[in-house]
Amino acid sequence: MSVHDDLTSAQRCLDDLYRSLARLDKQLGSGGLEMRRVRMDADHLRESLALLREAASGPAAAARPELVTISDTPYDISLWTDSDDEGLGARDRHAP
């Protein structure tokens, strides 16, 4: 199966879940905390499935950030001559 087919199948199952929840809502009533939680979880599933569908339809290369290569060579020591040591302050000053 392709990703599109799997997403469509998951959408059908989610639609079945919503229909079942509507029937349960009629039988049990919508005032209970448990029913509200189940509906909220189903809504989250619907949002997540929409995000998956959106991600699957877009180009895969656009979703990946560009990698930046960092050299292993040491930095020039002159970059740190007038810097403060984090938490310790400057070299020529004393903490209060």
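A helix, as the term is used here, is a DSSP run of at least four residues, and helices are numbered from the N terminus. The structure discussed is a predicted model.

D16 and R19 both belong to helix α1, where 3 residues, or about one turn of the helix, separate them. Their side chains form a salt bridge with an N to O distance of 2.2 Å. D16 is partly exposed, with a relative accessibility of 40%, and R19 is also classed as partly exposed, at 45%.

The model contains 3 salt bridges by the rule applied. One of them joins D15 to R46, with the closest N and O atoms 3.1 Å apart. Because D15 lies in helix α1 (residues 3–28) and R46 in helix α2 (residues 33–57), this pair ties together parts that are 31 residues apart in sequence. A further salt bridge links R39 with D25, and here the closest N and O atoms are 3.9 Å apart. R39 lies in helix α2 and D25 in helix α1, so this pair ties together parts that are 14 residues apart in sequence.

**Exposure of the residues that join the helices**

Are these residues buried, exposed or partly exposed? The table gives the class and the relative accessibility of each residue.

| Residue | Class | Relative accessibility |
|---|---|---|
| D15 | partly exposed | 25% |
| R46 | partly exposed | 34% |
| R39 | partly exposed | 30% |
| D25 | partly exposed | 23% |

Definitions and conventions
Residues numbered from 1 in each chain as written. Predicted model: local features only at pLDDT ≥ 70, side-chain atom pairs only at ≥ 80, totals over all residues. Heavy atoms only, no water. Salt bridge = Lys/Arg side-chain N within 4 Å of Asp/Glu carboxyl O. Helix = DSSP H or I, 4+ residues; strand = E, 2+ residues; numbered from the N terminus. Buried < 20%, exposed > 50% of the residue type's maximum accessible area, 1.4 Å probe, protein only.
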